[in-house]
Amino acid sequence: MKRPYYLFSNGRLCRNQNTLCLERATDARSPGAEVAGDRLPLSEIPHRINPESPTGGDGAPQGQSDPAEEPVATGAGRQRDEDAASQEESGAVSNSLTSDDGQPSGELTGESIPFPIESAESIYCFGEIDVNSKLVSFLSKHHVPLFFFDYYGNYTASLYPKEHLLSGRLTVEQVRHHTNQERRLRLARSFVEAALANIRRVLRYYASRLEEGTEGIEEAIRKIESIKKRAQEAEGPATLMGLEGQARRRYYRTWPTLLGGAGENFSFERRSRQPPSNPLNALISFGNSLCYSVALRQLYHTALDPTVSYLHEPGDRRFSLALDLAEVFKPLLVDRAIFRLVKTRQIQPDDFEERLGGVYLTESGRKTFVEHWDERLRQTIEHRRLERKISYERLVRLDAYRLTRHLCAPEDDPYEGFEMWW
Amino acid sequence: MSAPNSAPPRSSFRVGGMLVGYYVLCPRKAWLSMRGLWMEQESTTVALGRQIDENSYEREQKEIMLTAEAPNGTPLIGKVDWARLDAGVLHETKKSPSAEEAHKWQLRFYLWLLALNEVTGPQGEPFAGELNYPKQRRTEDVRLTNAHTERLQEIVQSLQALSRQKSPPPRREERSFCQKCAFEELCYG
Ligand code: SF4
């Protein structure tokens with residue numbers, strides 16, 4: 001079973017014959033201290049210690065735009081920051097050791113961890129990781145995408161292997177549906193409608209657990225429903241994007257209520273992303289970029305071209321179809337993850353730090369998030385049509401298949417975005 | 001054995017053995033596969049199939065490429081698993097007999113390619129086919145009759161029409177059948 005690998009260490013990822021090898025940089029300041037926390041398949045969950053966050057480096061954060069909305073997706077790996085050295089220094093975090101029960105067989109405490117490429121579905125680099133061209137072609141050959149995040153947890157780039165399943169005729173249909181106003185609108189609308197339906201679902205779910213404040217929530221639900229109606233009449237993707245944004249703003253205003261007691265420390269004035277202005281915004285930004293990466297990974301296993309999109313404008317440097325799909329899944333994957341983490345107090349105010357006018361998750365906060373995220377993706381639900389259990393992550397793939405069906409037969413088999421049915 | 005991975009312009013349209021097998025099972029499956037919308041590469045059952053392919057038999061002759069032209073001019077192509085040329089037998093190895101009908105037609109298709117190339121066994125007799133299911137320790141003899149040849153011609157004709165069809169044929173009705181199909185998520189997800 002292939003799985004994503006989440007690497008938090010600094011160091012070098014390289015090819016060693018037919019395996020991948022993570023060569024961890026040792027922490028110069030405190031030799032012997034382990035820079036663990038890499039989440040490799042089958043490994044135990046790294047324990048959070050060290051709530052004390054490193055103090056800020058003084059380099060300017062790179063690419064602070066909300067990655068899920070404006071990801072900079074390039075074919076090349078991340079450039080090393082000029083001030084990488086100082087960041088590395090200030091970012092050195094000692095952490096607990098991670099026990100490991102299976103693959104990779106390498107000791108996580110070692111400096112060099114080999115792991116079989118066959119077990120890697122994708123690789124996330126949250127630390128400062130060097131790659132070379134030999135590795136890039138190796139990953140590409142095995143169809144393993146690489147996602148890079150900067151020191152602040154901003155998504156910076158992905159290394160998307162060469163397309164391997166593209167279908168010429170399907171791409172033609174994708175483009176036809178994009179260039180034809182009416183067809184494009186039909187799809188753009190479906191993405192927004194599904195996104196709003198899922199938002200509504202999340203609101204209902206948490207509202208039913210509230211003891212007070214339900215009136216405000218009911219009102220938000222009504223508002224979102226009316227926006228959804230207007231979306232049905234919207235005349236262009238730009239209007240739809242605007243309506244979606246409007247609905248989200250209304251939705252976010254309910255969060256402090258929905259989060260209840262645990263949310264007291266999490267005020268939320270407005271959505272801000274450049275940079276995130278408060279902890280909730282930091283969580284949303286981080287979660288949204290993970291969601292984008294999941295959509296992109298799933299698209300990679302289909303014949304769809306991820307650059308041709310409907311709701312979002314196709315951009316030259318981003319995979320905008322992944323943004324379209326991510327919109328549908330954010331409520332289930334991101335928003336509910338945030339609620340869970342905050343309500344159970346797994347994420348607390350000390351998991352954030354202020355840096356250069358923005359608020360970011362600390363490294364340990366990111367680990368906590370990723371740990372929950374990974375479990376969440378593997379959570380399953382009984383699928384009504386397939387009559388078997390399907391993981392949350394697989395639901396994204398199924399939506400890509402629905403879109404494929406739509407493109408082949410828009411009248412007989414129209415796309416309806418995934419909507420939570422539970 | 002590979003089906004063409006997209007339906008190219010008619011000039012490069014070719015029919016392969018697996019595509020014929022797909023068509024017999026479900027025309028929609030054949031259409032999706034012609035469009036390059038199949039996902040078998042990923043499926044573990046296919047990987048397993050390949051392994052069995054590679055390990056189960058000492059091959060006497062492996063992977064023989066065959067080409068021919070159907071009477072209506074369609075180029076045909078086949079990649080035969082293995083053969084015992086001196087005995088005049090073509091073999092096809094499969095993981096499980098769950099789609100036996102398709103396997104039989106795939107093998108008949110190869111026998112047809114040999115016939116079209118006027119290849120015969122050592123005594124001038126037509127080649128025979130043998131389906132092998134090593135996991136079940138089972139073999140199945142497959143012959144090519146005149147009726148089969150006619151049916152194969154029809155199938156090739158239908159595939160050609162199908163390749164020009166813009167939308168896929170409908171799903172098969174029986175869900176139990178689709179539940180075994182590698183395309184299930186693409187059809188029902
Ligand atoms: S799932 Fe059913 S309808 Fe779809 S290709 Fe397979 S057999 Fe045909």
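Tutor: Being predicted, the model needs pLDDT of at least 70 for local features and 80 or more for side-chain atom pairs, while totals for chains, interfaces and linings use all residues. Side-chain values use heavy atoms, without hydrogens and water, residues are numbered from 1 along each chain, and chains are lettered from A and ligands numbered from 1 as written.

Student: Which residue lies over the face of Trp105(B)?

Tutor: That is Arg108(B), at 4.6 Å from the ring centre.

Student: Switching topic, how many aromatic pairs does the structure hold over all chains?

Tutor: There are 33, a pair being rings of Phe, Tyr or Trp (its six-membered ring) with centres within 6.5 Å, called stacked under 30 degrees between planes, edge-to-face over 60 and tilted for the rest. One of them is the stacked pair of Phe8(A) and Phe126(A), with 4.7 Å centre to centre and 15° between the planes.

Student: Are Phe8(A) and Phe126(A) buried or exposed?

Tutor: Both Phe8(A) and Phe126(A) are buried, on a scale where buried is under 20% relative accessible area, exposed over 50% and partly exposed in between (1.4 Å probe, protein chains only).

Student: And why is the pair of Phe149(A) and Phe286(A) edge-to-face?

Tutor: Because the planes of Phe149(A) and Phe286(A) stand at 65°, with the ring centres 6.0 Å apart.

Conventions: Lys NZ or Arg CZ within 6 Å of the ring centre and 35° of its normal.
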